[in-house]
Amino acid sequence: MKKIKKKYMTGIQSTGTPHLGNILSVILPTIKYINKKKKKNLFFILIADLHSITNYKNLFLLKDNIYKTAAVWLSLLKRKKKIIFFRQSDIKEINELFWYLNCFYPFNRLKLSHSYKNKSNKNINTGIINYPLLMASDILLYNINNVFIGKDQIQHIEITRKIAKIVNNKINKKIFILPKYKIKYNFIIPGIDGRKMSKSNNNFINIFDNKYILEKQIMNIKTINKSIKDITYNDIKKTILFKIYYLISNKEEFFFLKEKIKNNKISFITIKKMLYKYILIFYYKERKKYSYYLNNKYIIKNFLYKGFKKAKIIAKKKISFIKKKLGLNI
Ligand code: TRP
(Lines give C-alpha, C1' and ligand atoms only; values in the text may rest on other atoms or scores of the structure.)
Protein backbone atom coordinates (compact mmCIF):
# COMPACT_ATOMS: atom_id res chain seq x y z
CA MET A 1 0.00 0.00 0.00
CA LYS A 2 1.28 3.45 -0.83
CA LYS A 3 2.09 5.48 2.24
CA ILE A 4 0.33 8.82 2.26
CA LYS A 5 2.59 11.82 2.67
CA LYS A 6 1.80 13.96 5.66
CA LYS A 7 1.89 17.67 5.26
CA TYR A 8 3.30 20.01 7.88
CA MET A 9 3.38 23.77 7.98
CA THR A 10 4.69 26.58 10.03
CA GLY A 11 4.69 30.29 9.50
CA ILE A 12 6.37 33.32 11.00
CA GLN A 13 5.22 36.87 10.58
CA SER A 14 7.93 38.96 9.00
CA THR A 15 8.05 41.73 11.54
CA GLY A 16 11.87 41.81 11.77
CA THR A 17 14.48 39.26 12.76
CA PRO A 18 12.65 36.42 14.54
CA HIS A 19 13.57 36.68 18.22
CA LEU A 20 14.61 34.01 20.69
CA GLY A 21 10.97 33.32 21.61
CA ASN A 22 10.12 32.51 17.98
CA ILE A 23 13.26 30.49 17.58
CA LEU A 24 12.83 28.35 20.69
CA SER A 25 9.12 27.75 20.45
CA VAL A 26 8.59 27.28 16.73
CA ILE A 27 11.67 27.42 14.50
CA LEU A 28 13.97 24.97 16.27
CA PRO A 29 11.27 22.38 17.09
CA THR A 30 10.17 22.43 13.44
CA ILE A 31 13.72 22.01 12.21
CA LYS A 32 14.36 19.15 14.63
CA TYR A 33 11.28 17.43 13.28
CA ILE A 34 12.33 17.97 9.68
CA ASN A 35 15.77 16.56 10.39
CA LYS A 36 14.68 13.43 12.15
CA LYS A 37 11.75 12.31 10.03
CA LYS A 38 12.89 9.83 7.43
CA LYS A 39 9.54 9.39 5.77
CA LYS A 40 8.81 11.50 2.76
CA ASN A 41 6.70 14.07 4.50
CA LEU A 42 6.22 17.48 3.06
CA PHE A 43 7.09 20.63 5.02
CA PHE A 44 5.82 24.08 4.18
CA ILE A 45 7.58 27.05 5.72
CA LEU A 46 5.76 30.25 5.13
CA ILE A 47 6.89 33.81 5.57
CA ALA A 48 3.72 35.59 6.58
CA ASP A 49 4.37 38.99 5.06
CA LEU A 50 0.67 39.70 4.54
CA HIS A 51 0.08 39.18 8.24
CA SER A 52 2.92 41.55 9.04
CA ILE A 53 1.09 44.42 7.36
CA THR A 54 -1.69 44.26 9.94
CA ASN A 55 0.55 45.91 12.49
CA TYR A 56 3.27 47.62 10.50
CA LYS A 57 4.97 50.63 11.97
CA ASN A 58 6.95 51.67 8.96
CA LEU A 59 6.17 50.48 5.45
CA PHE A 60 9.77 51.02 4.37
CA LEU A 61 10.83 48.22 6.69
CA LEU A 62 8.56 45.54 5.23
CA LYS A 63 10.99 44.41 2.55
CA ASP A 64 13.93 44.26 4.91
CA ASN A 65 11.90 42.33 7.43
CA ILE A 66 11.05 39.67 4.85
CA TYR A 67 14.76 39.21 4.14
CA LYS A 68 15.62 39.07 7.83
CA THR A 69 12.96 36.46 8.54
CA ALA A 70 14.07 34.36 5.59
CA ALA A 71 17.74 34.71 6.56
CA VAL A 72 17.08 33.28 10.03
CA TRP A 73 15.33 30.23 8.62
CA LEU A 74 18.02 29.64 6.03
CA SER A 75 20.80 29.97 8.60
CA LEU A 76 19.25 27.42 10.93
CA LEU A 77 17.89 24.92 8.39
CA LYS A 78 20.14 22.07 7.38
CA ARG A 79 18.04 20.02 5.02
CA LYS A 80 16.59 22.58 2.71
CA LYS A 81 15.53 20.06 0.08
CA LYS A 82 12.73 18.61 2.13
CA ILE A 83 10.84 21.85 2.42
CA ILE A 84 8.76 24.26 0.43
CA PHE A 85 9.97 27.64 1.64
CA PHE A 86 7.84 30.48 0.36
CA ARG A 87 6.35 33.88 0.87
CA GLN A 88 2.66 34.32 1.53
CA SER A 89 2.17 37.32 -0.77
CA ASP A 90 3.62 35.38 -3.73
CA ILE A 91 0.63 33.05 -3.69
CA LYS A 92 -2.43 35.02 -4.74
CA GLU A 93 -4.59 31.95 -4.22
CA ILE A 94 -4.18 32.44 -0.47
CA ASN A 95 -5.96 35.76 -0.78
CA GLU A 96 -8.63 34.25 -2.97
CA LEU A 97 -9.38 31.54 -0.46
CA PHE A 98 -9.28 34.17 2.27
CA TRP A 99 -12.23 35.92 0.63
CA TYR A 100 -14.26 32.73 0.40
CA LEU A 101 -13.61 31.98 4.06
CA ASN A 102 -14.64 35.51 5.00
CA CYS A 103 -18.00 34.85 3.43
CA PHE A 104 -18.60 31.74 5.50
CA TYR A 105 -17.33 32.68 8.94
CA PRO A 106 -19.70 34.48 11.33
CA PHE A 107 -18.44 37.96 12.13
CA ASN A 108 -19.63 37.83 15.71
CA ARG A 109 -17.56 34.76 16.32
CA LEU A 110 -14.45 36.35 14.87
CA LYS A 111 -14.80 39.29 17.22
CA LEU A 112 -14.36 36.91 20.15
CA SER A 113 -10.85 35.81 19.12
CA HIS A 114 -8.08 37.09 21.37
CA SER A 115 -5.85 38.35 18.55
CA TYR A 116 -8.60 40.93 18.14
CA LYS A 117 -9.63 41.38 21.76
CA ASN A 118 -6.06 41.94 22.96
CA LYS A 119 -5.57 44.75 20.54
CA SER A 120 -8.98 46.26 20.39
CA ASN A 121 -8.90 50.00 20.45
CA LYS A 122 -10.26 52.73 18.23
CA ASN A 123 -7.45 52.55 15.69
CA ILE A 124 -7.76 48.87 14.97
CA ASN A 125 -7.80 47.95 11.26
CA THR A 126 -9.98 45.33 9.59
CA GLY A 127 -6.91 43.22 8.82
CA ILE A 128 -6.43 42.52 12.52
CA ILE A 129 -9.98 41.26 12.89
CA ASN A 130 -9.62 39.04 9.83
CA TYR A 131 -6.12 37.87 10.71
CA PRO A 132 -7.20 34.35 11.80
CA LEU A 133 -8.99 33.73 8.51
CA LEU A 134 -5.90 34.63 6.53
CA MET A 135 -3.94 32.15 8.61
CA ALA A 136 -6.68 29.56 8.02
CA SER A 137 -6.29 30.19 4.28
CA ASP A 138 -2.54 29.46 4.45
CA ILE A 139 -3.25 26.16 6.12
CA LEU A 140 -6.37 24.96 4.33
CA LEU A 141 -5.08 25.77 0.85
CA TYR A 142 -2.30 23.23 1.36
CA ASN A 143 -4.28 20.41 3.01
CA ILE A 144 -2.00 20.61 6.03
CA ASN A 145 -2.27 17.82 8.61
CA ASN A 146 -0.13 19.36 11.31
CA VAL A 147 0.87 22.92 12.11
CA PHE A 148 3.84 23.88 14.28
CA ILE A 149 2.89 26.84 16.43
CA GLY A 150 3.57 28.62 19.68
CA LYS A 151 1.02 28.36 22.48
CA ASP A 152 -0.46 31.77 21.62
CA GLN A 153 -1.59 30.47 18.23
CA ILE A 154 -3.79 27.61 19.43
CA GLN A 155 -6.96 29.60 19.03
CA HIS A 156 -6.09 30.31 15.41
CA ILE A 157 -5.94 26.59 14.70
CA GLU A 158 -9.27 26.13 16.43
CA ILE A 159 -10.73 28.81 14.17
CA THR A 160 -9.15 27.07 11.18
CA ARG A 161 -10.81 23.80 12.13
CA LYS A 162 -14.09 25.56 12.70
CA ILE A 163 -14.17 27.29 9.32
CA ALA A 164 -13.10 24.06 7.62
CA LYS A 165 -16.02 22.28 9.25
CA ILE A 166 -18.48 25.01 8.31
CA VAL A 167 -17.48 24.90 4.64
CA ASN A 168 -17.33 21.11 4.55
CA ASN A 169 -20.80 20.85 6.05
CA LYS A 170 -22.34 23.47 3.82
CA ILE A 171 -20.73 22.58 0.53
CA ASN A 172 -18.91 19.31 0.42
CA LYS A 173 -17.35 17.11 3.06
CA LYS A 174 -14.17 16.70 1.09
CA ILE A 175 -13.10 20.29 0.60
CA PHE A 176 -10.85 20.75 3.60
CA ILE A 177 -8.77 18.64 5.93
CA LEU A 178 -9.04 19.55 9.63
CA PRO A 179 -5.50 20.35 10.78
CA LYS A 180 -3.96 19.46 14.13
CA TYR A 181 -1.21 21.41 15.83
CA LYS A 182 2.08 20.71 17.55
CA ILE A 183 3.46 22.89 20.31
CA LYS A 184 6.82 22.50 21.98
CA TYR A 185 6.24 24.41 25.20
CA ASN A 186 3.09 24.62 27.19
CA PHE A 187 4.06 28.08 28.40
CA ILE A 188 4.93 31.40 26.84
CA ILE A 189 8.66 32.17 26.49
CA PRO A 190 9.44 35.08 28.82
CA GLY A 191 11.16 38.20 27.56
CA ILE A 192 13.89 40.04 29.48
CA ASP A 193 11.27 41.67 31.73
CA GLY A 194 9.28 38.49 32.37
CA ARG A 195 6.30 39.32 30.16
CA LYS A 196 5.73 37.37 26.93
CA MET A 197 8.76 37.85 24.67
CA SER A 198 7.58 39.91 21.72
CA LYS A 199 8.52 42.71 19.38
CA SER A 200 5.67 44.85 20.62
CA ASN A 201 6.72 44.45 24.27
CA ASN A 202 10.25 45.40 23.22
CA ASN A 203 11.65 42.81 25.61
CA PHE A 204 13.17 40.37 23.16
CA ILE A 205 16.57 38.81 22.68
CA ASN A 206 17.77 38.66 19.11
CA ILE A 207 20.54 36.08 18.91
CA PHE A 208 21.40 37.30 15.41
CA ASP A 209 21.94 40.88 16.43
CA ASN A 210 25.23 42.70 16.53
CA LYS A 211 27.40 41.51 19.48
CA TYR A 212 27.08 44.69 21.47
CA ILE A 213 23.33 44.92 21.17
CA LEU A 214 22.97 41.25 22.04
CA GLU A 215 25.15 41.77 25.10
CA LYS A 216 23.01 44.69 26.17
CA GLN A 217 19.81 42.69 25.77
CA ILE A 218 21.19 39.91 27.93
CA MET A 219 22.61 42.24 30.57
CA ASN A 220 19.15 43.78 30.84
CA ILE A 221 17.45 40.52 31.82
CA LYS A 222 15.61 41.24 35.03
CA THR A 223 16.98 39.49 38.12
CA ILE A 224 16.41 39.65 41.85
CA ASN A 225 18.02 42.55 43.62
CA LYS A 226 20.01 40.36 45.99
CA SER A 227 23.25 38.48 45.87
CA ILE A 228 22.89 34.86 44.78
CA LYS A 229 24.28 33.65 48.10
CA ASP A 230 21.30 35.13 49.89
CA ILE A 231 18.62 33.31 47.93
CA THR A 232 17.63 29.68 47.78
CA TYR A 233 18.26 27.51 44.78
CA ASN A 234 14.51 27.23 44.29
CA ASP A 235 14.18 30.99 44.04
CA ILE A 236 17.00 31.14 41.53
CA LYS A 237 15.18 28.55 39.47
CA LYS A 238 12.22 30.88 39.24
CA THR A 239 14.22 33.75 37.74
CA ILE A 240 13.80 34.69 34.09
CA LEU A 241 17.53 34.39 33.59
CA PHE A 242 17.55 30.79 34.76
CA LYS A 243 14.54 29.93 32.57
CA ILE A 244 16.04 31.47 29.46
CA TYR A 245 19.36 29.76 30.14
CA TYR A 246 17.59 26.45 30.57
CA LEU A 247 15.66 26.87 27.33
CA ILE A 248 18.60 27.81 25.15
CA SER A 249 21.49 25.74 26.47
CA ASN A 250 22.39 22.12 25.87
CA LYS A 251 22.58 19.57 28.70
CA GLU A 252 26.29 19.95 29.43
CA GLU A 253 26.18 23.70 29.60
CA PHE A 254 23.13 23.69 31.81
CA PHE A 255 24.65 21.13 34.14
CA PHE A 256 27.75 23.28 34.38
CA LEU A 257 25.63 26.28 35.32
CA LYS A 258 23.70 24.37 37.98
CA GLU A 259 26.90 23.12 39.58
CA LYS A 260 28.26 26.63 39.76
CA ILE A 261 25.10 27.93 41.37
CA LYS A 262 25.00 25.10 43.88
CA ASN A 263 28.60 25.78 44.86
CA ASN A 264 27.79 29.46 45.35
CA LYS A 265 30.53 30.40 42.96
CA ILE A 266 28.62 32.71 40.77
CA SER A 267 26.78 36.02 40.55
CA PHE A 268 23.86 36.99 38.34
CA ILE A 269 26.20 39.11 36.26
CA THR A 270 28.50 36.17 35.67
CA ILE A 271 25.54 34.03 34.63
CA LYS A 272 24.58 36.69 32.11
CA LYS A 273 28.11 36.81 30.78
CA MET A 274 28.13 33.03 30.45
CA LEU A 275 24.83 33.12 28.60
CA TYR A 276 26.11 35.76 26.22
CA LYS A 277 29.27 33.79 25.50
CA TYR A 278 27.33 30.59 25.08
CA ILE A 279 25.12 32.17 22.41
CA LEU A 280 28.10 33.61 20.55
CA ILE A 281 29.89 30.27 20.54
CA PHE A 282 26.94 27.98 20.00
CA TYR A 283 25.42 30.05 17.21
CA TYR A 284 28.72 31.16 15.70
CA LYS A 285 28.11 29.55 12.29
CA GLU A 286 24.46 30.55 12.14
CA ARG A 287 25.25 34.17 12.97
CA LYS A 288 27.82 34.22 10.16
CA LYS A 289 25.42 32.65 7.70
CA TYR A 290 22.76 35.15 8.66
CA SER A 291 24.92 38.13 7.71
CA TYR A 292 26.10 36.30 4.62
CA TYR A 293 22.53 35.86 3.40
CA LEU A 294 21.65 39.45 4.16
CA ASN A 295 24.69 40.63 2.24
CA ASN A 296 23.72 38.38 -0.67
CA LYS A 297 20.00 38.82 -0.90
CA TYR A 298 19.82 37.23 -4.34
CA ILE A 299 20.40 33.85 -2.65
CA ILE A 300 17.38 34.42 -0.43
CA LYS A 301 15.39 35.46 -3.48
CA ASN A 302 16.41 32.29 -5.29
CA PHE A 303 15.29 30.11 -2.41
CA LEU A 304 11.97 31.89 -2.24
CA TYR A 305 11.52 31.62 -5.99
CA LYS A 306 12.05 27.88 -5.89
CA GLY A 307 9.52 27.60 -3.09
CA PHE A 308 7.09 29.84 -4.92
CA LYS A 309 7.12 27.63 -7.99
CA LYS A 310 6.34 24.51 -5.98
CA ALA A 311 3.76 26.21 -3.76
CA LYS A 312 2.04 27.79 -6.76
CA ILE A 313 1.33 24.48 -8.51
CA ILE A 314 -0.40 23.06 -5.45
CA ALA A 315 -2.30 26.29 -4.78
CA LYS A 316 -3.65 26.55 -8.33
CA LYS A 317 -4.97 23.00 -8.25
CA LYS A 318 -6.62 23.40 -4.90
CA ILE A 319 -8.22 26.74 -5.66
CA SER A 320 -9.75 25.50 -8.88
CA PHE A 321 -11.12 22.49 -6.99
CA ILE A 322 -12.64 24.83 -4.38
CA LYS A 323 -14.12 27.09 -7.06
CA LYS A 324 -15.75 24.12 -8.69
CA LYS A 325 -17.27 23.01 -5.42
CA LEU A 326 -18.53 26.51 -4.75
CA GLY A 327 -20.13 26.63 -8.17
CA LEU A 328 -17.95 29.46 -9.45
CA ASN A 329 -16.70 27.59 -12.49
CA ILE A 330 -18.67 28.43 -15.59
N1 TRP B 1 0.05 33.88 12.99
C2 TRP B 1 1.30 33.18 13.09
C3 TRP B 1 2.15 33.86 14.18
O4 TRP B 1 2.04 35.04 14.37
C5 TRP B 1 2.05 33.17 11.81
C6 TRP B 1 1.36 32.39 10.72
C7 TRP B 1 0.77 32.91 9.61
C8 TRP B 1 1.26 30.97 10.63
N9 TRP B 1 0.30 31.89 8.82
C10 TRP B 1 0.57 30.70 9.42
C11 TRP B 1 1.67 29.92 11.45
C12 TRP B 1 0.27 29.39 9.02
C13 TRP B 1 1.40 28.61 11.05
C14 TRP B 1 0.68 28.35 9.85
O15 TRP B 1 2.96 33.20 14.79
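**View 1. Seven salt bridges are counted in this predicted model.** A salt bridge here is a side-chain nitrogen of Lys or Arg within 4 Å of a carboxyl oxygen of Asp or Glu. A word on conventions before we zoom in: residues are numbered from 1 along each chain as its sequence is written, and side-chain values use heavy atoms, with hydrogens and water left out. Since the model is predicted, local features need pLDDT of at least 70 and side-chain atom pairs count only at pLDDT 80 or more, while totals for chains, interfaces and linings use all residues.

**View 2. D49, R87 and D90 are linked in a network of salt bridges.** How covered are the two partners? D90 is partly exposed at 22% relative accessibility, and R87 is partly exposed at 23%. For these labels, buried means under 20% relative accessible area, exposed means over 50%, and partly exposed is in between (1.4 Å probe, protein chains only).

**View 3. A salt bridge joins K323 and E96.** The closest N and O atoms of this pair are 3.9 Å apart. K323 belongs to helix α15 (residues 297-326) and E96 to helix α4 (residues 92-102), so the bridge ties together parts that are 227 residues apart in sequence. Helices (H or I, at least four residues) and strands (E, at least two) are DSSP runs, numbered from the N terminus. K323 is partly exposed, with a relative accessible area of 32%, and E96 is partly exposed as well, with 26%.

**View 4. D193 and R195 also meet in a salt bridge.** Their side chains come to 2.9 Å, N to O. D193 counts as partly exposed at 26% relative accessibility, and R195 counts as partly exposed at 44%.

**View 5. The ligand sits among 13 residues.** Which of them come nearest? They are H51, Y131, M135, D138 and Q153; a residue is near a molecule if one of its heavy atoms lies within 4 Å of it. By residue type, the shell divides into seven nonpolar, five polar and one charged. In this grouping, Ala, Val, Leu, Ile, Met, Phe, Trp, Tyr, Cys and Pro are nonpolar, Asp, Glu, Lys and Arg are charged, and the others, Gly among them, are polar.

View 6. Taken alone, the ligand exposes 370 Å², and the protein buries 90% of that; accessible areas come from the Shrake-Rupley method with a 1.4 Å probe, and for residues only the protein chains shown count as cover. The elements giving two or more residues to the shell are β1 (7-13), β2 (42-48) and α7 (126-141).

**View 7. Helix α3 (residues 62-76) is mostly covered.** Twelve of its 15 residues are buried, including L62, Y67, W73 and L76. From first C-alpha to last, α3 reaches 22 Å, close to the 21 Å expected at 1.5 Å a residue; the expected span is 1.5 Å times one less than the number of residues.

**View 8. N143 and N202 have positive phi values, though neither is a glycine.** N143, with phi of about 50°, lies in the loop between α7 and β4 (146-148) and is partly exposed, with a relative accessible area of 21%. N202, with phi near 50°, is found in the loop between β5 (180-182) and α9 (211-219). Is N202 buried or exposed? At 61% relative accessibility, N202 counts as exposed.

**View 9. The side chain of N41 meets the backbone of K6.** A polar atom of the N41 side chain lies 3.3 Å from the backbone nitrogen of K6. N41 is placed in the loop between α1 (20-36) and β2, and counts as buried at 7% relative accessibility.

Methods:
Polar contact = N/O pair within 3.5 Å; in protein donor to acceptor, adjacent residues only side chain to side chain.
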